[in-house]
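Thank you for making time for this.

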Amino acid sequence: MSLTALGAAPPAAVQLQRLRCELLTNPEGIDATAPRLSWELSSAARGLTQTAYQVLVASTPEKLAADEGDLWNSGKVASGQSVHVAYAGAPLRSRARCYWKVRTWTDQGETAWSPPARWSMGLLNYLDWKGRWIGLDRAFPWDDETTHARLSARYFRKEFKAAKAVTRATASIIGLGLYELYVNGQRVGDQVLAPGPTDYTQGVKYNTFDVTRLLRPGANALGTVLGNGRFYAMRQHYKPYKIKTFGYPKLLMQLDLAYADGSHEVVKTDETWQATADGPIRANNEYDGEEYDATKEMPGWSAAGFDAQKWGKAELVQEPSGAFEAQMNENMKVMETLKPVALKPLAGGKFILDMGQNMAGWLRLRATGPRGQKITLRFAETLQKTGELYVANLRDARVTDVYTLRGGARETWEPTFVYHGFRYVEISGYPGTPTLADFDGRVVYDDLATTGEFTTSNATINQVYKNAYWGIRSNYKGMPIDCPQRNERQPWLGDRTTGAYGESFVFDNSRLYAKWLDDIAQAQKADGSIPDVAPAFWRYYGDNVTWPGTYLTIADMLYSQYGDAQPIAKHYDSMRRWLAYMRANYMTDSNIITKDKYGDWCVPPESEKMIHSQDPARNTSGEVIATSTYYHMLTLMQRFATVLGRPADAQEYAALGAKIKDAFNQKFLNAQNQQYANNTVTANLLPLAYGMTPDAERGKVFQNIADKILVENKGHISTGVIGTQWLMRGLTAEGRPDIAYKLATNRDYPSWGYMAANGATTIWELWNGNTADPAMNSQNHVMLLGDLLIWYYENLAGIKSAPDAPGFQTIEMKPALIADLSSVQASYRSVRGLIRSSWQKDARRFTWHITVPGNTKALVYLPAKSAKDVEEGGKKVANAPGVKFVRMEGDRAVFEVGSGEYAFVAKQ
């Protein structure tokens, strides 16, 4: 007789979900020849653990459905691995289509096969590209190639016939700097501002699309529009020693057609294509805006049968020198549409539109008016006291879009090849009186899933979190940039040293930052030098430790948060070369690194008008910052060498690190007052955070930090970009989360709350962003977030990946309990599944609901005098299924739990 028949509950069904290839869902045109496959397991029952898996990969859906893995049948593999399982089947060739599924064996039984997923291969070899590069390598009479370049978009078209039934049509395109692709008048995909930006002398990205459904029997047409992007740079003939530009826009594209009879055909770019620059997009410049003349529209230009007599022939042009690479990170999209909140008239027929939120993207307008009338849109983050736009902090960026009406019926327009950072828009030339209903804000950033949610009982923390969310999404533009509004918008490495880690709780940024590591590697010089900006659109090779060191911290983040060791393996030699370069050029015989460029960038200055402090007491020694950071880099390299199985390297890094630690403490640690250098918070914090401070001195060094914050700075922050990267975790690790909470909830200057209290809806570049000199004063930056978001999730919510079990194989759940904080609710969609932590406390009890994803476990730290004071699910914890008491650790009872949902209550 079965247990079920006796009344026992049947085993809960185990579900397999979120199948991903290279952490992407059903990607088209990848170039990873051993792509890695991931899946999630879920079950209503607790403690779900995978013990084995089997993956099938087939060349057709039919074979997969018949359980025939003609490309790869892994067989039953005894392993708990469910993330980054490398394909190990038949060699994958260009254009191959792969269909896959997985089943697993678990402690709850064998699962059914998962729903099917797929991926396709791109063009893996140079000669797979059959076309030639085409373009129009010159300016036209209506263009302007002075410093503020105004170059019109290039339009290309090609008609062809599909003489037989098409079973598959695949488009592969490299459109530089930006493109939009059309098939038979239909736009392909929902991406914008594609492809992702790179240093085009090193690599160029291609996108792949399945366009089968857009083709029709007989006559067909392809159309492509090219914008300038970063290829034809925003500033021409200006500081050529600094600013890279790559030439006029150009195109390589092909359409691979598979016919029902088994034959193939390729429609490719060549001199038979038609071209014109005399279309409606008259100018497009990321800094200055887009000008669109609807009277120049060419209805039907990308469809078959269009009269192209006025068009010329496409010209064959030089190809870029960069290698052709599949774009393995997400393209940008319009991710949200905002409605404006206010519209106010100004003198001279102008209006100011308020979106209610600082954002990055563009404005979509609707209007009816006479043919040839121009509507001008100017963008800004803030207003002057007069109500006019405040544009002084935009430097020479003109940030102006112009739309010329075609006349007649109501018209709707939004730009194609630019974006702006703005909250306010000045509207002039609008026919009649505009209303709020005539405009939409289009929020544009990389198509990344929002993985985190976070809220607390403190309103200031909640507002700062929201501001951070908007700031991060504003500055994801195919690469992480510093700001979206002024004439900069550069991928500064130092802005993301720790920021990328905090961002990874909010967005799935795994592919974006893996791509960025490639950008950094491509920017590295042969001697090992790494720039401060990568891709190196600005040639800023400063040879400091802190900014280039981001190369290592990003790789570490990808490993810690996503369990992805591939970036470490891929970039290890380049990292090693950089460390050797810095040592050879800037390390003294006494093992001190002497070169620093930026110091503790943007500490709160002594004057509200200043950008950078000139007060020696506020600024931290460059040698302190450079030497301690170099030591930290060696610590990371020890970890990397261990992951890669290179013990000799690990020993080498440890030995050098020991010498540097001794030299650092000998030079900078004052034995009398236990302070480092001039006793700034940053000078004391970095050696503490990096493990350089002798154990006997740690408490005394930390007391200097606490005294500096609480007494000298009256409970306020005094760190810049470098110190803030470790501040909140450092305070908490030393037993003072209350000080961190004070900094997190302040609403007077300087603080994150001060920004919010003064109307900020994103994060400022400067602590004094409302009063400082406009020369460097972005209202939408992320660098001053430091480790704040990490602290929110790891220390307040208690969602942290255990260091020895990366990618949340084991979750450490140890929320810091602070008197004035009564509740936190957070969730995070990890690479292995959804993690939830929701706690609240009062004088009598601590109540905590948690969710642990399948195939993981968690160490749960509950505030309790003993395990006997803890209940789970309404019963004593000793009787709770799936809950194992581990130990008492201070004032916490530590339990190990497997996957599932839990409801803990601890008596206080």
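I will begin with how far the model can be read, then take the sheets, the helix packing and a few backbone details.

What you see is a predicted model, in which local features need a pLDDT of at least 70 and side-chain atom pairs count only at pLDDT 80 or more, while totals for chains, interfaces and linings use all residues. Residues are numbered from 1 along each chain as its sequence is written, and side-chain values use heavy atoms, with hydrogens and water left out. The score itself, pLDDT, is the predictor's confidence in each residue, on a scale from 0 to 100. The protein chain averages a pLDDT of 96, and 99% of the residues score at least 70.

Let me turn to the sheets. Helices (H or I, at least four residues) and strands (E, at least two) are DSSP runs numbered from the N terminus, and two strands pair if DSSP finds at least two bridges between them.

Now to the helices, where axes are lines fitted to C-alpha atoms, for helices over the stretch in contact, and angles run from 0 to 180 degrees between N-to-C directions. Helix α15 (residues 788–797) and helix α3 (residues 499–506) have axes that come within 7 Å and cross at roughly 50°. The two are therefore oblique, given that angles under 35 degrees count as roughly parallel, over 145 as roughly antiparallel, 65 to 115 as roughly perpendicular and the rest as oblique. Their crossing is left-handed, a term used if the near helix is turned anticlockwise from the far one by less than a right angle, with clockwise giving right-handed. Y501, G502, E503, F505 and V506 of α3 make this contact with L789, I790, Y793 and E794 of α15. By class, there are 6 nonpolar, 1 polar and 2 charged residues in it, where Ala, Val, Leu, Ile, Met, Phe, Trp, Tyr, Cys and Pro count as nonpolar, Asp, Glu, Lys and Arg as charged, and the others, Gly among them, as polar.

Helix α15 also packs with helix α2 (residues 459–474), at an angle of about 125° and with the axes 11 Å apart, and these two are therefore oblique to each other. The crossing of α2 and α15 is left-handed. In α2, I461, V464, Y465, A468 and I472 meet L788, L789, Y792, Y793 and L796 of α15, and that contact has 10 nonpolar residues, with no polar and no charged ones.

Helix α6 (residues 566–586) and α5 pack at about 160° with their axes 10 Å apart, so they are roughly antiparallel to each other.

Finally, some backbone details. Where are the cis peptide bonds that I want to point out? One joins L176 and G177, with omega about -5°, and G177 is found in the loop between β11 (166–176) and β12. Another joins A534 and P535, with omega about 0°, and P535 lies in the loop between α4 (510–523) and α5 (550–562). L193, in the loop between β14 (191–192) and β15 (203–210), has a phi near 50°, a positive value in a residue other than glycine.

Terms used. Contact means heavy atoms within 4.5 Å.
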